[in-house]
Amino acid sequence: MQNPAPRQGLRSKAQHGSAALMQHVCKRIADGTWPAGYRLPAERDLVEQFGLARNTLRKVMDQLESEGLITRHVGRGTFVAESPPAASGAVESLLQRIHGASPAEVMELRLLIEPQFVELAATRASGRDLQQIAHCLLESEKAGTVLDFEYWDGMLHQAILSAAHNNLLIDLYDAINGVRKQPEWESLKQRSLTPERLARYRAQHRAIVDALRVRDADSASAAVRQHLLEVRNGMIGEP
């Protein structure tokens, strides 16, 4: 029988590193060492400093982002969040409903809005935007695990959204994207990501990016819709 001690030791080390990173970031934000708008060190530097795997680091960053302490922007980095103004009751209620939405509701909303903002991205994307989109596509194709693919899949969609240069859409998508971090979503996504479906997702991503490169808004929008339908059907079946 295999001795579980080494595996338990690795898990304990990862948990210790995660807690140390969380404490490190929270302390510097709380005491003002890292003020609002401060850019956090790069992922590779934090990985080396705290001895964490990248997946573990990203989970810590996901938690910090969900608590409103940091914001992440594709191609720019991770920053200490600005202190948000107190939300009105209606706005707070809307945010609560978004974060409490089911995967089926989230996919319905994504099917309504993502083809539209991809059309905007096709006409507004700068050369730098297209480079960042291509980078996220490459990393998603290199991903060797479901967790890595899911991370770069999210970053790719966020990079495309950012290329639309509409701050209201970005804020709305950030709220919707928070649902992707919930356990129910992660469980559905991991169960649905068979090797065959993963290959189709990658081909669909390439079709979207190819259309964006040549500024073909109609083809980009159609490719995104096809991709989202595939994702929805894989996760929750036909509506």
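Predicted model: local features only at pLDDT ≥ 70, side-chain atom pairs only at ≥ 80, totals over all residues.
I started at Arg215, which sits in the loop between α10 (195-213) and α11 (217-236). Helices here are DSSP runs of H or I with at least four residues, and they're numbered from the N terminus. Residues are numbered from 1 along each chain as its sequence is written, and side-chain values use heavy atoms, with hydrogens and water left out.

Back to Arg215. I looked up its phi and got a positive value near 60°, in a residue other than glycine. Arg215 is partly exposed at 39% relative accessible area (buried is under 20%, exposed over 50%, partly exposed in between, with a 1.4 Å probe and protein chains only).

Next I went to His165. I found it in the loop between α7 (146-162) and α8 (167-177). Its phi is positive too, about 55°, although His165 is not a glycine. With 47% relative accessibility, His165 counts as partly exposed.

Last stop: His24, in helix α1 (residues 5-30). Is His24 buried or exposed? I have it down as buried, at 15% relative accessible area. Which residues does His24 touch, leaving out those up to four places away in sequence? I noted Trp34, Gln49 and Phe50, where contact means heavy atoms within 4.5 Å. The His24 side chain also makes a polar contact of 3.1 Å with the side chain of Arg28 (a pair of N or O atoms within 3.5 Å; within protein, one must be able to donate a hydrogen and the other to accept it, and residues adjacent in sequence count only if both atoms are side-chain atoms).

Note on methods. Helix = DSSP H or I, 4+ residues; strand = E, 2+ residues; numbered from the N terminus.
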